[in-house]
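Take each task first on your own, then go through the solution step by step.

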Amino acid sequence: MDIDDILLTEEAIQSRISQLGRLISADYRGRSPLLVGVLRGAVFFVSDLMRRLDVPCELDFAALASYHGETESRRVRWRMKVEAEIAGRDVLVVEDIVDTGKTLFKLLRELRKHQPSSLRACTLLDKPSRRQVVLDIDYVGFTIPDRFVVGYGLDHAGRFRQLPYVATLKKQVTCRKDADHATNSIFDRS
Ligand code: IMP
């Protein structure tokens with residue numbers, strides 16, 4: 001009942017991740033990249049993507065927060081920094097979505113200080129119409145319009161992450177203040 005439209009089906013997402021996996025594997029042939037997943041939204045994407053890579057690679061995470069349970073972006077704050085050694089590594093940041101771009105910008109700026117031998121970014125979803133900073137994104141799964149989306153790791157007030165597809169929410173849901181009450185209606189799109 002809370003879901004409006006399915007923007008990207010599970011099949012479309014998985015097939016695009018396979019393509020990205022082939023592309024990234026070819027680009028990193030002979031190297032061993034460190035994937036840095038951005039918590040929490042990119043958990044599903046980075047684990048599916050990593051399993052499609054046929055080059056040796058490692059995984060670490062960073063956590064930044066900008067939404068605090070609402071749909072408008074605020075200041076980006078660190079919650080957890082990358083623990084792995086960055087210097088001299090081929091680092092690939094894996095994001096769920098790039099919206100204003102502030103989160104990815106801050107993460108790339110921080111990682112760059114630690115002198116990786118290369119630094120690239122991959123996002124499943126890109127909302128370029130909302131960009132507030134200049135960013136080069138090396139791998140983009142899908143470019144989407146300016147809509148608030150949930151599913152496949154993306155949440156609204158902590159909910160909807162486990163949906164296998166990416167969908168828009170009904171307007172009344174994104175406006176609702178106490179959106180943290182649990183219901184089963186997310187699985188019922190009627
Ligand atoms: P940015 O800093 O504005 O680019 O925002 C990046 C972060 O905001 C993402 O990692 C998401 O956590 C969150 N975000 C941006 N747009 C959406 C959306 O449509 N749905 C859910 N989360 C979003």
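**Exercise 1: The ligand and its shell**

Solution. Step 1: begin with E95, where a polar side-chain atom sits 3.3 Å from an oxygen atom of the ligand. A polar contact here is a pair of N or O atoms within 3.5 Å; within protein, one must be able to donate a hydrogen and the other to accept it, and residues adjacent in sequence count only if both atoms are side-chain atoms. D96 also has a polar side-chain atom 3.0 Å from an oxygen atom of the ligand. At V149 a polar backbone atom is 2.6 Å from a nitrogen atom of the ligand.

Step 1: check the cover. The ligand taken alone exposes 490 Å², and the protein buries 92% of that (Shrake-Rupley method, 1.4 Å probe; for residues, only the protein chains shown count as cover).

Step 2: list the shell. There are 18 residues around the ligand, and D99, T100, G101, T103 and V149 come nearest (near: a heavy atom within 4 Å). β5 (90–98) and α3 (102–113) each supply at least two residues of this shell, and β5 gives the largest share, four residues. Helices (H or I, at least four residues) and strands (E, at least two) are DSSP runs, numbered from the N terminus.

Before going on, a word on the source: this is a predicted model, in which local features need pLDDT of at least 70 and side-chain atom pairs count only at pLDDT 80 or more, while totals for chains, interfaces and linings use all residues. Residues are numbered from 1 along each chain as its sequence is written, and side-chain values use heavy atoms, with hydrogens and water left out.

**Exercise 2: The nonpolar cores**

Task: which residues of the largest nonpolar core touch the most other members?

Solution. Step 1: recall the term. A nonpolar core is a set of buried Ala, Val, Leu, Ile, Met, Phe, Trp, Tyr and Cys residues joined through side-chain atoms within 4.5 Å. Buried means under 20% relative accessible area, exposed over 50%, partly exposed in between (1.4 Å probe, protein chains only).

Step 1: pick out the residues. In the largest nonpolar core, with 25 residues, I24, F45, L49, L92, L124 and L125 touch the most other members. α1 (10–27), α2 (43–51), β5, β6 (118–126) and β7 (139–143) each supply at least two residues of this core. Its largest share, four residues, comes from α1.

Step 2: look at I24. Apart from neighbours within four places in sequence, I24 is in contact (heavy atoms within 4.5 Å) with L49, L53, L92, C122 and Y139. A second, separate core of 17 residues includes V36, V91, L108 and L135.

**Exercise 3: T123**

Task: is T123 buried or exposed?

Solution. Step 1: locate T123 in strand β6. Step 2: T123 counts as buried because its relative accessibility is 0%. Step 3: a polar atom of the T123 side chain lies 2.8 Å from the backbone oxygen of L125. Leaving aside neighbours within four places in sequence, the contacts of T123 include E95 and D96.

**Exercise 4: Backbone details**

Task: what kind of peptide bond joins L39 and R40?

Solution. Step 1: the bond is cis, with omega about -5 degrees. R40 is in the loop between β2 (34–39) and α2. Step 2: turn to Y152, a residue other than glycine with a positive phi, near 50 degrees. Y152 lies in the loop between β8 (149–150) and β9 (166–169).
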